[in-house]
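Q: Please take a close look at one part of this model, then place it in its surroundings. Keep it brisk, and give the cut-offs as you go.

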Amino acid sequence: MVMADPSLQSLCCLTTSNRSQQYHLLELHQSAYYGLSLASAIVGFLGSVYQLNLRYAAPFPRYQYFNVGLRGNNVLFWLALADTFAAFGLIIRSTGWFLSQDWSSHAMFTPLNQTFCAIISGWIQFSYTSSHLWTLVYAVDVRRITFDQPFAAPVYHFSAWGGAIILCIVGLTMLYFPGNGYDTFVKLLPNHVATYLPLVLTCLACPFLFMSAFRQAEISLTRRYARYTTTERRLVESLKLKFILIVSVFYLCWMPNIVNGLVLWISWYKLPVTWVLANWYLMALLNPLQGVFNIMLYRIPKRRQPRSQLRGWFASVQIRKTEPQEETPLLL
């Protein structure tokens, strides 16, 4: 089976008798590639865990549905959790590949190893699909904030987690479905669609959602203060800069994956080996680092700290009942 998607899931279907020409791409610079994947996954995992340590799932009673800082922190917690799941799966897979670099051995293609490969690849795809959808949910919620619309937590969770589950089931079922009666194109296309649909949708929708939020923020500020002076203009410009950086970093981390998919389908029978390998290195480096970049992009609300060890437990209980301090207005 041909190398098909950025999560390298089609490699799990390889056997010693069906290895194609594209398979031999992995035989080039294995140690460097696997080492880079492992190092980047560890850094991304640490960054995501650091976010989780600061963004815990705070209670969300109904009267807080319009709290800007709290609802943003809630969405970003689940985004960081999805990134943590993905980085953890990448660490396991990269470690396994790094320790089993003899692809010519028959042990690599045993049914047990193929099953483990399929499971861990499916876990990574589910986690990153959820991460893409939570990023889209964040952009949707930013727009809803500017229109004074409430926080739709059940809809957000169903869209992100439920959408990822449905897409993964559809894509992986066709990819790993037993039987040789299917054409290669038919087996690979559903998983490609399931992998790239949330990624492309997030890339296309986020800029338009943020631009709509900018326009509405200007209108809301004008209505609230009955003016639109330099102060309000600076606030809107700071919001624009922040969300432009969010979109730019998302493109930086995931554009190599989109380019990879296009090149694989356009050059199906004659892949540019050098270019594909360079792009794989970019994906291995940039994909897991999204969790690190998010620390710098998204504001982390300040919370009260216990003043003494004797009041530590009581303070920790009180923290979860306290809303984040909103020291900056609106969406910052």
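A: Helices here are DSSP runs of H or I with at least four residues, strands are runs of E with at least two, and both are numbered from the N terminus. The model is predicted, so local features need pLDDT of at least 70 and side-chain atom pairs count only at pLDDT 80 or more, while totals for chains, interfaces and linings use all residues. Residues are numbered from 1 along each chain as its sequence is written, and side-chain values use heavy atoms, with hydrogens and water left out.

First, the setting. The protein has 9 helices and 0 strands. Along the sequence the pattern reads α-α-α-α-α-α-α-α-α. Of the 332 residues, 50% are buried (under 20% relative accessible area; exposed is over 50%, partly exposed in between; 1.4 Å probe, protein chains only). Contact means heavy atoms within 4.5 Å. Among contacts with a separation of 6 or more, 78% join residues 24 or more positions apart.

Now the part to look at closely: H6 against H8. Helix H6 spans residues 230–266, and helix H8 spans residues 290–297. Their axes come within 11 Å and cross at roughly 170 degrees. Axes are lines fitted to C-alpha atoms, for helices over the stretch in contact, and angles run from 0 to 180 degrees between N-to-C directions. H6 and H8 are therefore roughly antiparallel. The classes are: under 35 degrees roughly parallel, over 145 roughly antiparallel, 65 to 115 roughly perpendicular, the rest oblique.

Which residues meet? H6 brings Lys242, Leu245, Ile246, Val249, Phe250, Leu252, Cys253 and Trp254, and H8 brings Gln290, Phe293 and Leu297. By class, this contact of H6 with H8 has 9 nonpolar, 1 polar and 1 charged residues. Nonpolar covers Ala, Val, Leu, Ile, Met, Phe, Trp, Tyr, Cys and Pro; charged covers Asp, Glu, Lys and Arg; the others, Gly among them, are polar.

Turn to H8 itself. Gln290, Gly291, Asn294 and Leu297 are buried there. Seen down the axis of H8, these buried residues fall within an arc of 115 degrees, so they line one face of the helix. The arc is that of the directions from the helix axis to the C-beta atoms. Gln290 and Leu297 are also among the H8 residues that meet H6.

Helix H5 covers residues 184–225 and holds Pro207. Pro207 is partly exposed, with a relative accessible area of 22%. Leaving out residues up to four places away in sequence, Pro207 touches Thr202, Val247 and Tyr251. Its C-alpha atom is 6.9 Å from that of Val247, 40 residues apart along the chain. Val200 is also placed in H5. At 30% relative accessibility, Val200 is partly exposed. Val200 and Ile258 are 58 residues apart in sequence, with C-alpha atoms 7.7 Å apart.

What about the cysteines? A disulfide is counted for a pair of cysteine sulfur atoms within 2.5 Å. The count is 0 disulfides. For Cys206, the closest cysteine sulfur is in Cys203, at 7.7 Å, too far for a bond. Cys206 is buried, at 6% relative accessible area.

Ser37 lies in helix H1, residues 30–54. Ser37 is buried, at 11% relative accessible area. Beyond its neighbours within four places in sequence, Ser37 contacts Ser94 and Ala284. Ser37 and Thr95 are 58 residues apart in sequence and 8.9 Å apart from C-alpha to C-alpha.

Arg71 sits in helix H2, residues 68–99. Arg71 counts as buried at 1% relative accessibility. Asp141, in helix H3, is buried at 2%. Asp141 touches Arg71, Phe151 and Tyr156, with residues up to four places away not counted. Arg71 and Pro150 are 79 residues apart in sequence and 9.5 Å apart from C-alpha to C-alpha.

Asp148 lies in the loop between helix H3 (111–146) and helix H4 (153–176). Most residues other than glycine have a negative phi. Asp148 has a positive phi of about 55 degrees, although it is not a glycine. Asp148 counts as exposed, at 58% relative accessibility.
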